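The tour goes stop by stop.

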Amino acid sequence: MHCSGCETRIKQNIRFVKGVKKIDTSVAQQKVTIVYNGTQSNYNDFVKAFGKIGYEIKRKK
């Protein structure tokens, strides 16, 4: 994610993953934080969703 267009693209697409409650993004930090219901989706659902729009994600440790 390197611009506000990327930020918008992520927010518009990832909100459709089941259970998403909140998406926060920071272009400056190249960081996306997602709050979701773990009974409706899991990490792999987000890996697939980001992959479909051309991004790769890493889980925060």
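**Stop 1**

Select G5, which sits in helix α1 (residues 4-14). Helices (H or I, at least four residues) and strands (E, at least two) are DSSP runs, numbered from the N terminus. This is a predicted model: local features need pLDDT of at least 70, side-chain atom pairs count only at pLDDT 80 or more, and totals for chains, interfaces and linings use all residues. Residues are numbered from 1 along each chain as its sequence is written, and side-chain values use heavy atoms, with hydrogens and water left out.

G5 is partly exposed, at a relative accessible area of 41%. Buried means under 20% relative accessible area, exposed over 50%, partly exposed in between (1.4 Å probe, protein chains only).

**Stop 2: the cysteines**

How many disulfides does a search of the whole structure find? The search finds 0. A disulfide is a pair of cysteine sulfur atoms within 2.5 Å. Select C3: the closest cysteine sulfur, in C6, is 3.6 Å from its own, too far for a bond. C3 is partly exposed, at 30% relative accessibility. C6 is buried, at 8%.

**Stop 3: an aromatic pair**

Show Y36 and F46. Their ring centres are 4.7 Å apart and their planes are at 55 degrees, so the pair is tilted. Rings of Phe, Tyr and Trp (its six-membered ring) pair if their centres lie within 6.5 Å; planes under 30 degrees apart count as stacked, over 60 as edge-to-face and the rest as tilted. Y36 lies in strand β2 (residues 31-36) and F46 in helix α2 (residues 43-52), so the pair ties together parts that are 10 residues apart in sequence. Y36 is partly exposed, at 32% relative accessibility. F46 is buried, at a relative accessible area of 3%.

**Stop 4: around α2**

Select the buried residues of α2: F46, A49 and F50. Seen down the helix axis, they fall within an arc of 95 degrees, so they line one face of α2. The arc is that of the directions from the helix axis to the C-beta atoms. Their cover includes α1, β1 (20-26) and β2. Turn to the face away from the buried side: the exposed residues K48 and K52 are there.

Go to the start of α2. A side-chain oxygen of N42 reaches to within 2.9 Å of the backbone nitrogen of N44. Last, select G54, which follows α2 and has a positive phi, near 90 degrees.

Note on methods:
Contact means heavy atoms within 4.5 Å. A polar contact is a pair of N or O atoms within 3.5 Å; within protein, one must be able to donate a hydrogen and the other to accept it, and residues adjacent in sequence count only if both atoms are side-chain atoms.
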